[in-house]
Amino acid sequence: MPLEEPARLARELASHGYAADREAITLLAAAADPAQALVLAVEATPDDALKLTADDVREVLDGSPRARRDPISEDGGDTGTASADAGADPDAGGIESASAKGDVPDEAAAETAAVADSPAVQDPSVSTGEGGVDAKENVSASPVETEGSRAGAGGRDTDPSLRSVEIGNDMTGRSTGTGEYEDFVTTFRDRYQRLSRKLKGRVNHRNASALEASPGGGDAGMVGMVSDVRSTASGHWIIELEDTTGVFPCLVMKDKDIADLVDEILFDEVIAVDGTLSDDGGILFVDDLHFPDVPRTYEPSTADRHVQAALISDVHVGSQEFMVDAWQRFTSWLHTEAAENIEYLLIAGDMVEGVGIYPDQDEELDIVDIFDQYEQFSEHLKEVPGDMEIVMIPGNHDAVRLAEPQPGFDEEIREIMTAHDARIVSNPAMVDLEGVSVLMYHGVSLDEVIAEMPEDIASYDHPHKAMYQLLKKRHVAPQFGGHTRVAPEEKDYLVMDEVPDIFHTGHVHKLGWGKYRKVMAVNSGCWQAQTDFQKSVNIDPDAGFAPVVDLDTLEMTVHKFS
Ligand code: D5M
Ligand code: FE
Ligand code: ZN
């Protein structure tokens with residue numbers, strides 16, 4: 001049997017409107033006449049069914065009728081969580097520097113359907129090793145013709161009842177903001193209250209009006225939202241901090257170690273400072289500066305069985321640059337044994353290319369109607385094994401409001417994408433997979449973090465480092481009024497109340513991952529080749545990669561399909 005058979009069958013079924021469980025595909029592929037079996041299975045399955053299961057196929061192959069199932073799959077049961085040491089100190093990776101691209105021969109990524117015994121699906125992968133891996137030296141491509149990559153070589157042995165997906169912080173259907181000034185005040189008060197709680201234990205906080213009333217001299221601290229940062233004529237820094245009582249100026253001397261931290265400060269984030277009041281009480285001289293941050297002692301939770309999640313984003317269906325071949329290599333590979341432990345697929349936004357997102361975008365559209373784009377996306381989603389749990393959030397190209405938090409799609413768009421019964425939640429959202437919390441955020445603020453901070457702290461080549469900054473600020477989009485649009489809500493959904501075990505973003509179309517205080521941060525690249533705009537500004541996207549994380553160890557493996 002040619003190894004591409006399962007993938008071909010999955011696509012064929014998708015064209016008939018069905019997603020299919022991996023076991024169903026395996027059974028079809030193993031039939032004496034797979035094409036005939038597929039036709040029979042399609043005929044025997046009601047049009048309103050969304051998914052072909054192994055039982056459906058068995059019924060056709062054995063001819064033994066049985067009761068029809070409910071077409072909509074059910075949620076899995078709960079499993080316990082286990083705390084474990086997820087490993088060593090920060091390790092980091094980035095494809096730009098990985099030898100993967102150079103080392104994988106061209107043929108490896110090409111379809112080799114004609115040769116019966118060579119895999120159509122190639123799986124060059126790069127992975128973080130033990131401990132601190134620096135991508136520049138140690139990330140390597142691994143060969144693909146392992147036992148496990150043989151498609152359809154055996155049945156899948158996963159128990160859906162072991163799965164659990166729980167969603168937190170989803171604001172879909174809960175938007176309260178009307179866009180009035182007061183709404184913004186409410187959002188910012190909520191931000192201040194929740195983030196200042198994390199900081200007040202670290203400094204002896206006195207509010208702005210108390211500091212103003214103070215005669216001067218002596219130790220003082222303050223927790224505030226950054227309302228301004230400017231340099232003085234002599235090169236020192238003045239940070240204006242605001243709380244619910246007023247604004248107070250804080251001075252960071254240029255020769256202090258902490259002066260370097262000023263580069264990392266964004267407007268509207270909440271920080272704490274500690275130091276002494278000037279003799280006239282008019283300014284606070286800063287000795288120490290704190291971010292809400294991830295506690296140094298943070299220990300992530302892990303799943304208590306070996307199970308994996310693929311973390312992707314930025315599919316951009318509808319764009320002329322959508323890489324359909326790479327996508328289909330990926331979805332085909334998901335049907336193989338090599339991917340059998342991948343039971344979750346998270347998609348962090350930009351499912352489609354959208355319409356009217358950037359000037360002249362229409363010149364590069366393959367599908368000009370937004371609904372048709374989602375129809376096509378849904379077709380491509382059907383290629384994903386029907387027995388995988390999918391969670392997705394919108395991005396700035398999707399058909400929801402641009403301002404964050406972005407609610408999950410409305411009914412009209414959801415209707416188009418029912419095939420997989422995917423969970424469609426807001427951007428951002430917290431997704432708990434078997435006890436491992438994944439913060440999904442599309443990532444528009446990363447552009448801003450990268451633009452504002454020095455290259456070594458955040459850059460497009462190391463997008464995960466920009467993510468570290470967001471973890472440090474415990475907020476996914478601190479800066480208001482710039483590039484990132486923020487919608488006023490009664491609560492600031494963009495605050496990271498809880499430290500996630502995994503932080504998953506996309507948007508910048510660059511692949512990078514690494515650990516910040518044991519939190520795995522991954523920016524997942526894209527499935528869109530370079531656009532004209534990206535060419536004009538020298539953005540060289542990492543397209544066609546699928547980062548896969550082990551939920552039991554938080555180790556990352558990246559598979560290349562382009
Ligand atoms: O964003 C992909 C990346 O490219 C992200 O870093 C923004 C940037 N980008 C792409 N097009 C533009 C235009 N026209 N202006 C500014 N920045 C842009 P995506 O959300 O996929 O478009
Ligand atoms: Fe994108
Ligand atoms: Zn985007």
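This is a predicted model: local features need pLDDT of at least 70, side-chain atom pairs count only at pLDDT 80 or more; totals for chains, interfaces and linings use all residues.
P428 sits in the loop between β16 and β17 (429–433), where helices (H or I, at least four residues) and strands (E, at least two) are DSSP runs numbered from the N terminus. Residues are numbered from 1 along each chain as its sequence is written, chains are lettered from A and ligands numbered from 1 in the order in which they are written, and side-chain values use heavy atoms, with hydrogens and water left out.

Another cis peptide bond joins E404 and P405, again with omega at about 0 degrees. P405 belongs to the loop between β15 and α12 (411–416). As for the backbone in general, most peptide bonds are trans and most residues other than glycine have a negative phi. L554, which is not a glycine, has a positive phi of about 65 degrees. This leucine is found in the loop between β22 (545–550) and β23 (556–560). L554 has a relative accessible area of 0%, so it counts as buried (under 20% relative accessible area; exposed is over 50% and partly exposed in between, with a 1.4 Å probe and protein chains only). R517 also has a positive phi, near 45 degrees, and it turns up again among the salt bridges below.

Now to the metals. The iron ion (ligand 2) has D314 (OD), H316 (NE2), D350 (OD) and H509 (NE2) as its protein donors, 1.9 to 2.3 Å away. Donors here are N, O and S atoms within 2.8 Å of the metal (3.2 Å for Na, K and Ca), and since water is not among the atoms, sites may look incomplete. Along the chain, the iron donors follow the spacing D-x1-H-x33-D-x158-H. D314 is buried, at 0% relative accessible area, and H316 is buried too, at 1%.

The zinc ion (ligand 3) is held by D350 (OD), N396 (OD1), H442 (NE2) and H507 (ND1), at 2.1 to 2.3 Å. Its donor residues are spaced D-x45-N-x45-H-x64-H in sequence. Zinc and iron lie 3.2 Å apart, with D350 coordinating both. D350, in the loop between β14 (342–348) and α11 (370–382), and H442, in the loop between β18 (436–440) and α13 (444–452), are 92 residues apart, so this pair links distant parts of the chain. D350 is buried at 1% relative accessibility, and H442 at 0%.

Ligand 1 has 14 residues around it, of which Y358, H397, D447, H509 and F533 come nearest; a residue is near when one of its heavy atoms lies within 4 Å. The shell divides into five nonpolar, six polar and three charged residues. In that count, Ala, Val, Leu, Ile, Met, Phe, Trp, Tyr, Cys and Pro are nonpolar, Asp, Glu, Lys and Arg are charged, and the others, Gly among them, are polar. A polar side-chain atom of D447 is 2.7 Å from an oxygen atom of ligand 1, one of N396 is 2.9 Å from a ligand oxygen, and an N or O atom in the side chain of H507 is 3.0 Å from one. Taken alone, ligand 1 exposes 460 Å², and the protein buries 86% of that (areas by the Shrake-Rupley method with a 1.4 Å probe).

The whole structure holds 21 salt bridges, each a side-chain nitrogen of Lys or Arg within 4 Å of a carboxyl oxygen of Asp or Glu. R163 and E343 meet in one of them, at 2.5 Å from N to O. R163 lies in the loop between α7 (135–138) and β6 (165–168) and E343 in strand β14, so the bridge ties together parts 180 residues apart in sequence. Both R163 and E343 are buried, and they join R305 and E434 in a network of salt bridges.

R517 pairs with D293, with the closest N and O atoms 3.4 Å apart. This pair links the loop between β20 (511–516) and β21 (519–524) to the loop between β11 (284–290) and β12 (301–302), 224 residues apart. D293 is buried, at 9% relative accessibility. E389 and R423 form another salt bridge, at 2.8 Å between the closest N and O atoms. E389 is in strand β15 (residues 389–393) and R423 in strand β16 (residues 423–424), 34 residues apart. E389 counts as buried at 13% relative accessibility, as does R423 at 18%.

Technical notes
A polar contact is a pair of N or O atoms within 3.5 Å; within protein, one must be able to donate a hydrogen and the other to accept it, and residues adjacent in sequence count only if both atoms are side-chain atoms.
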